[in-house]
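Dear colleague,

I am passing on the structure we spoke about, and I would be grateful if you could look it over alongside the notes that follow.

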Amino acid sequence: MVDSQYILPNDVGISPLDCAEAFRLLSPKEKLYAHYLSRASWYGGLIVLLQTSPESPTIYVLLQRLFRKQPPSVLESVASAAGLSPEEYQAFLVYAAGIYANMGNYKSFGDTKFIPNLPKEKLKALMWQSQAFKDSPTQLEALWNSCGDLMYSLDEKLKQLGLGDKGITTYFSGNCCLKDAELVQKFLDSKNLSAYNTRLFKQVNNDGKCCYEVRLASAIKDECPIDGDVDNKCGCYNFDGTLFKVVRGDYAPLMQRVVDCLKKAKAYAANENEEHMLEDYAQSFFFGSIEAHKQGSRYWIKDKGPIVESYIGFIESYRDPFGSRGEFEGFVAVVNKAMSARFAELVNSAEVLLPELPWPTQFEKDRFLKPDFTSLDVLTFAGSGIPVGINIPNYDCIRQSEGFKNVSLGNVLAVASATQKEKLTFLREEDKDLYIKLRNPSFEVQVGLHELLGHGSGKLFVEDEKGNFNFDSKNVRNPETGELVSSWYKGSETWDSKFSTIASTYEECRAECVGLYLCLNNRVLSIFGQEGSDAEDVVYINWLNMVRAGVLALEFYTPASKTWRQAHMQARFVILRVLLEASEGLVSLEHTVGSDGKPDAIISLDRTKIRSVGKPAIERFLRRLQIHKSTADVEGGRALYEGYSSVTDNEPEKFLTLRETVLLRKEARKLFVQANTRVQGDTTELQEYAGSAADLIRSFVDRFHDDGEELEEEILALGQMDAHCWS
């Protein structure tokens with residue numbers, strides 16, 4: 001029996017993202033703009049295959065070739081003839097859908113590997129009897145031989161993403177470890193070079209000396225300066241006695257496709273900000289310049305209230321084990337005006353709410369730059385997974401002094417957390433009906449606060465290259481110790497580069513704490529239409545949802561390596577620990593036995609103590625998080641955060657035992673089916689799909705209907721070029 005962690009169950013929830021009405025209301029010009037941005041996103045999203053695992057590109061191509069010849073409905077009879085039961089064939093379809101939805105064979109949420117839930121010999125028999133094999137037996141056999149063993153392997157190192165002996169990653173060549181990552185980060189900082197669009201390849205010469213290749217994602221491979229290339233840092237460098245080579249051309253053919261689509265989208269831009277934004281993005285992806293992407297992001301911030309919203313690039317660093325390299329993503333969405341009005345009111349109240357946060361004014365940004373905050377219905381979200389809310393750009397230099405945008409993805413939020421009462425785990429029976437009723441309204445409040453006032457708050461103390469401080473270094477004191485602040489960010493240091501491996505989860509925890517803290521504010525609740533006893537119920541469910549999430553988080557902890565595999569879930573476990581530590585009966589955790597005779601657990605929250613016990617506990621913890629962040633106190637911040645992240649089997653919680661219960665009763669994360677757009681003559685059409693594994697597969701085959709074979713050759717070539725780095 002394969003551990004259930006490493007398979008997707010046949011009954012996994014698969015939901016279509018409904019955007020038909022939002023798309024219908026767009027003008028013809030807006031539809032074309034959305035179409036070409038979607039194409040850019042989908043082409044770029046394929047890069048994630050190459051960022052996930054060595055075998056992911058080959059698995060993807062194998063599936064595309066199989067299903068292009070025979071859709072799931074036709075292949076079913078072939079499967080039966082090959083000896084697969086209906087359950088085994090469904091398991092294969094679910095596996096394929098999982099590959100497409102995660103853009104690889106590791107879960108986007110949790111970073112664990114998943115394998116087909118059917119015998120390897122049966123899957124091979126299906127492949128050998130397929131039309132794809134009959135038409136091209138040599139090619140299909142080569143694909144299977146390249147990825148078949150890795151597809152099924154659960155060797156210890158391959159069970160999860162990680163660096164060195166912690167797991168597998170393609171952000172670094174297989175011979176890299178944490179020390180390599182730390183040295184290279186120092187080199188990048190010394191050259192003021194961002195890691196966001198890079199991968200690292202380590203070469204060891206015969207004499208034992210190392211050479212590091214820092215490879216930039218770009219359409220162009222030529223390292224010599226050419227017209228328009230103002231930020232070229234390619235070349236050889238000697239740093240700390242070690243040779244470094246900065247080259248470009250990673251993912252080149254895919255990057256070129258992205259550039260081409262962005263140029264087409266520009267013809268349908270609504271204003272000059274969008275035109276400049278797309279020009280800079282195209283330059284960034286063509287030359288491999290993060291500076292150009294920053295400039296495009298500045299125009300994006302200025303593009304207030306667009307009907308069609310989008311963002312694209314190497315954005316989130318959650319899946320880089322070192323926390324500095326961005327995974328490619330691109331989204332295109334349409335504004336939901338009714339919900340956006342609520343978020344706009346929250347933005348307008350921000351300057352009143354920010355002083356409520358539990359740190360001195362010197363630790364807050366000098367002025368609050370009012371961002372766009374919109375609710376969007378997603379048309380396209382290409383990458384490894386779809387969040388419910390986003391606060392971007394992630395560049396500190398822009399966020400601190402120029403601003404940012406917040407988006408809440410309404411049609412994702414509507415279906416992501418929906419569950420049936422009988423599947424609702426770890427809650428008291430008397431809480432379940434209220435939880436189901438208010439889960440979405442409360443989460444709406446939490447997402448709004450998390451994105452706007454969580455990620456949007458707090459100052460970083462910086463001394464620039466010229467010795468100028470952005471704070472009063474002679475008078476600002478640490479409110480915890482009363483002493484003058486003695487540490488800060490220097491030169492090109494950033495939050496990600498300083499806090500590296502814990503930066504993402506630490507920041508998510510800080511934002512979640514802001515949400516819990518400010519959801520107690522009556523003004524906030526009123527903005528979201530919650531008053532009186534209904535408002536108190538929303539607060540209760542928001543806090544209850546957080547402590548339940550802290551229990552569910554244990555699924556994403558690996559005891560063997562003592563590591564967390566998901567930033568948000570680690571953050572929620574930390575918050576659970578803080579609230580348990582507050583004691584006084586605020587949170588209770590009980591190990592029980594379920595009606596099925598198997599281990600179970602109940603988490604409960606005393607709603608009468610949220611304000612009297614819970615709020616002060618979050619206040620103290622949140623203040624400490626912000627102080628360490630503001631002052632670049634990596635040592636103190638790491639000690640605090642890793643202390644609360646520790647998972648033991650100590651009484652009374654017995655978290656390691658509880659983890660086994662969580663794994664026993666876990667519900668698989670939903671997969672989303674997204675629509676396609678297609679230009680037919682003078683019209684742009686939306687092609688929608690139902691919510692099933694077969695439909696998710698069909699959506700991906702249709703997505704690359706016109707150029708699939710050429711695209712697959714490019715993906716294979718890119719994967720094979722570096723395959724030796726992980727063999």
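Which residues are linked with Arg215 in a network of salt bridges? In this model, which is a predicted one, the network consists of Arg199, Glu213, Arg215, Asp250 and Asp722. Within it, Arg215 and Asp722 form a salt bridge whose closest N and O atoms are 2.8 Å apart. That pair links distant parts of the chain, since Arg215 lies in strand 3 (residues 210–217) and Asp722 in the segment after helix 26 (708–721), 507 residues apart, and both residues are buried. A search of the whole structure finds 47 salt bridges.

A second pair, Arg607 and Asp537, also has its closest N and O atoms 2.8 Å apart, and it joins the loop between strand 16 (599–605) and helix 22 (610–630) to helix 20 (residues 532–552). Here Asp537 counts as buried because its relative accessibility, 19%, is under 20%, whereas Arg607, at 36%, is partly exposed.

Turning to the sheet, five strands form an open arrangement in the order 6-7-8-10-9, with mixed pairing. Strand 6 (308–316) and strand 9 (389–392) stand at the edges with a single partner strand each, so one side of each is left without a neighbour in the sheet. Strand 8 (residues 372–382) and strand 10 (residues 405–409) pair in the parallel sense over five bridges, and the bridge partner of Phe373 in strand 10 is Asn406. Helix 13 (residues 290–302) lies across strands 6, 9 and 10, and runs at about 150° to strand 6.

Key:
Residues numbered from 1 in each chain as written. Predicted model: local features only at pLDDT ≥ 70, side-chain atom pairs only at ≥ 80, totals over all residues. Heavy atoms only, no water. Pairing = 2+ DSSP bridges. Helix = DSSP H or I, 4+ residues; strand = E, 2+ residues; numbered from the N terminus. Contact = heavy atoms within 4.5 Å. Axes fitted to C-alpha atoms, helices over the stretch in contact; angles between N-to-C directions. Salt bridge = Lys/Arg side-chain N within 4 Å of Asp/Glu carboxyl O. Buried < 20%, exposed > 50% of the residue type's maximum accessible area, 1.4 Å probe, protein only.
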